[in-house]
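This report goes through one model with two chains in it. Please look over the sequence and the structure before reading on.

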Amino acid sequence: MAEADENIRFHEMFHIEGGNFTNAGAISSQVKKILKGAGFSSKLIRRTSIAAFEAEMNVICYANQGNLSLFITPNFLKVVVKDEGIGIPDVNLAMSEGYSTANEKIRELGFGAGMGLSNIKKNTDEMILTSKPGQGTHLEFIVYLDQQANE
Amino acid sequence: MTLREIRDILTAEVITGDADLEKEIKYGFAADLLSDVLSLARGTGVLTLLITGIIHPQVIYAGNIFDLGAIIFVRGKRPAEETVKLAIENQIPLLVTSYIMFETCGRLYQHGLKPSIPKVKNG
């Protein structure tokens with residue numbers, strides 16, 4: 001995966017409070033606002049924001065707390081989401097569509113259909129997910145700027 | 001069709017104050033699962049109406065990410081004042097209709113509203 005520490009034009013980190021559904025989605029909305037302000041194409045903004053929304057919801061649903069960092073470089077957008085939570089015992093299983101460990105509360109809100117991680121993969125160009133059960137989950141994804149023009 | 005026509009077809013109430021009723025809407029997407037909205041509504045946008053029974057604030061945040069044209073709540077569901085405020089801030093018009101989702105979709109389809117995507121690729 002491309003390194004974000006070279007030529008970072010912008011970096012912002014947001015704190016995510018686990019279990020607090022009231023403003024779930026607010027951080028992704030801020031990400032969208034930043035990207036819109038930076039003048040990126042609407043398609044690129046949408047792909048990145050959808051993936052960020054899914055990642056934000058995952059932290060809120062399954063972790064005690066976490067943070068989401070947005071990096072803007074000349075070639076790509078990168079989002080890193082780290083959380084302190086229950087972690088994912090089997091990452092490959094979690095990636096499969098429809099697999100979910102969501103509880104009733106999460107499902108009542110209309111989430112937890114087991115589509116989140118695969119949706120992040122669909123909307124991004126690169127995605128890395130690592131997790132240690134009982135400790136937390138680390139997710140990174142990248143959306144390249146130059147590929148947008150060809151779509 | 002315009003938001004005004006949608007309002008009239010569904011005898012709906014516009015709950016976001018002075019929304020632009022001449023706004024053009026061409027496509028519809030109906031779901032009660034935000035997971036489905038997030039994973040299937042990629043191609044939607046300013047010309048799309050989301051038809052849903054979900055009234056919590058996440059539907060507005062999702063709507064914002066998709067730049068939705070408007071959201072109509074079915075079965076007479078009415079979001080909290082805070083959620084309406086959030087929609088106004090994000091310039092997403094909200095409507096409420098008493099019709100159930102099936103009837104809402106049927107009436108709009110009959111009047112020429114098209115699906116934002118007609119079917120999923122793998123199903």
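Where in chain B is B:Gln91 found? B:Gln91 sits in the loop between helix 4 (81-89) and strand 5 (94-96) of chain B.

## Basis of the model

This is a predicted model, in which local features need pLDDT of at least 70, side-chain atom pairs count only at pLDDT 80 or more, and totals for chains, interfaces and linings use all residues. Residues are numbered from 1 along each chain as its sequence is written, while chains are lettered from A and ligands numbered from 1 in the order in which they are written.

## Chain B overall

Chain B has five helices and six strands (DSSP runs numbered from the N terminus: H or I of at least four residues for helices, E of at least two for strands). Their order from the N terminus is α-β-β-α-β-α-β-α-β-α-β.

Of the 123 residues in chain B, 44% are buried (buried means 20 or more other C-beta atoms within 10 Å of the residue's own, exposed 12 or fewer, partly exposed in between, with C-beta atoms placed from the backbone).

## The sheet

The six strands of chain B form an open, mixed sheet in the order 1-5-4-3-2-6 (two strands pair if DSSP finds at least two bridges between them). Strand 1 and strand 6 (114-115) of chain B are the edge strands, each pairing on one side only. Strand 4 (residues 70-73) and strand 5 of chain B run parallel and are joined by three bridges. B:Ile72 has B:Leu95 in strand 5 of chain B as its bridge partner.

B:Gln91 has a positive phi of about 55 degrees although it is not a glycine. B:Gln91 is exposed because it has 11 C-beta neighbours inside 10 Å.

B:Thr11, also not a glycine, has a positive phi of about 35 degrees. B:Thr11 lies in the loop between helix 1 (3-9) and strand 1 (13-14) of chain B. With 10 other C-beta atoms within 10 Å, B:Thr11 is exposed.

## Contact between the chains

In this model 20 residues of chain A are in contact with 17 residues of chain B (contact means C-beta atoms, placed from the backbone, within 7 Å). Helix 2 of chain A gives the largest share of the side of chain A that touches chain B, six residues. The residues of that side of chain A divide into eight nonpolar, nine polar and three charged (Ala, Val, Leu, Ile, Met, Phe, Trp, Tyr, Cys and Pro count as nonpolar, Asp, Glu, Lys and Arg as charged, and the others, Gly among them, as polar).

How values were computed. Two residues are in contact if their C-beta atoms, placed from the backbone, lie within 7 Å.
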